[in-house]
Amino acid sequence: MLIDDYLPVGATFVQTSNPNDYNKEHAFSHQGNRHPRTAYALTADNDLLLVVVDGRTGSAKGMTAKELTNFLVRHFNPRWAANMDGGGSSTMYIRGHGSKEKNDVVNNFTDTDDNGKPLERWVPTHIIIQKYATK
């Protein structure tokens with residue numbers, strides 16, 4: 001949870017000044033270091049925001065949970081927000097908006113093959129937003 005009823009809990013989640021003091025699989029390490037991230041937020045007007053943060057590239061370093069929380073508060077002030085998957089799994093596809101080379105993925109891939117070529121990562125879980133047809 002990043003924001004709970006306007007309270008930016010993600011800004012204080014990591015209780016240490018050095019998240020590298022923890023095993024890399026520990027939650028404080030994950031949340032305290034910069035990574036690509038995927039989050040959702042819900043505003044007071046019930047607008048759903050889907051956010052993906054690039055990272056692990058020459059032009060983007062990712063965000064910590066605190067940085068992502070502060071970004072969401074500063075730009076959107078949502079009532080609720082949660083960090084979802086991250087790392088190489090952070091991928092956003094928007095039909096008709098991404099490049100043809102990346103199959104409409106609008107952010108940068110963070111995984112590479114042995115030659116440094118960007119790779120799409122197969123992820124078994126997805127959130128699909130689709131227009132609902134009414135009669």
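The model is predicted, so local features need pLDDT of at least 70 and side-chain atom pairs count only at pLDDT 80 or more, while totals for chains, interfaces and linings use all residues. Residues are numbered from 1 along each chain as its sequence is written, and side-chain values use heavy atoms, with hydrogens and water left out.

**Overall layout**

- The chain holds 2 helices and 6 strands, where helices (H or I, at least four residues) and strands (E, at least two) are DSSP runs numbered from the N terminus.
- Along the sequence these elements follow the pattern β-α-β-β-α-β-β-β.
- Taken along the principal axes, the C-alpha atoms fill a box of roughly 50 × 45 × 25 Å.
- Of the 135 residues, 33% count as buried; buried means under 20% relative accessible area, exposed over 50%, and partly exposed in between (1.4 Å probe, protein chains only).

**Largest pocket**

- A pocket is an open set of points on a 1 Å grid over the protein atoms alone, with protein on both sides within 12 Å along at least five of seven lines, and its lining residues have an atom within 4 Å of a point.
- The largest pocket has a volume of about 940 Å³, a volume being the space filled by probe spheres set on the points, which are joined across faces, edges and corners.
- The lining of this pocket has 25 residues, and the closest to the pocket centre are Thr-91, Met-92, Tyr-93, His-126 and Ile-127.
- Strands S2 (37-42), S3 (48-53) and S4 (80-86) each supply at least two residues of this lining.
- By class, the pocket lining has 13 nonpolar, 8 polar and 4 charged residues; Ala, Val, Leu, Ile, Met, Phe, Trp, Tyr, Cys and Pro count as nonpolar, Asp, Glu, Lys and Arg as charged, and the others, Gly among them, as polar.

**Cavity**

- A cavity is a set of grid points where a 1.4 Å probe fits but cannot get out, and the count comes to 1 cavity of 30 Å³ or more.
- The largest cavity has a volume of about 30 Å³, and the residues lining this cavity include Gly-88, Thr-91, Phe-109 and Arg-121.
- The cavity lining divides into 2 nonpolar, 3 polar and 3 charged residues.
- Phe-109 lies in the loop between S4 and strand S5 (111-112) and is buried, with a relative accessible area of 15%.

**Nonpolar surface patch**

- Tyr-40, Leu-48, Leu-50, Ile-127 and Ile-129 make a nonpolar surface patch of about 480 Å².
- Ile-129 lies in the segment after strand S6 (118-119) and is exposed, with a relative accessible area of 56%.
- The C-alpha atoms of Ile-129 and Phe-109 are separated by 21 Å, and the two residues are 20 apart along the chain.

**Salt bridges**

- The whole structure has 2 salt bridges, each a side-chain nitrogen of Lys or Arg within 4 Å of a carboxyl oxygen of Asp or Glu.
- Asp-5 pairs with Arg-79, with the closest N and O atoms 2.6 Å apart.
- Asp-5 is in the loop between strand S1 (3-4) and helix H1 (27-32) and Arg-79 in the loop between helix H2 (65-75) and S4, so this pair ties together parts 74 residues apart in sequence.
- Asp-5 is partly exposed at 38% relative accessible area, and Arg-79 is also partly exposed, at 34%.
- Arg-34 and Glu-67 form a salt bridge at 2.7 Å, N to O.
- This pair links Arg-34, in the loop between H1 and S2, with Glu-67 in helix H2, 33 residues apart.

Note on methods:
Patches are made of residues with over 30% relative accessible area and no salt bridge: like charges are joined within 9 Å, nonpolar side chains (Val, Leu, Ile, Met, Phe, Trp, Tyr) within 5 Å. Accessible areas come from the Shrake-Rupley method with a 1.4 Å probe; for residues, only the protein chains shown count as cover.
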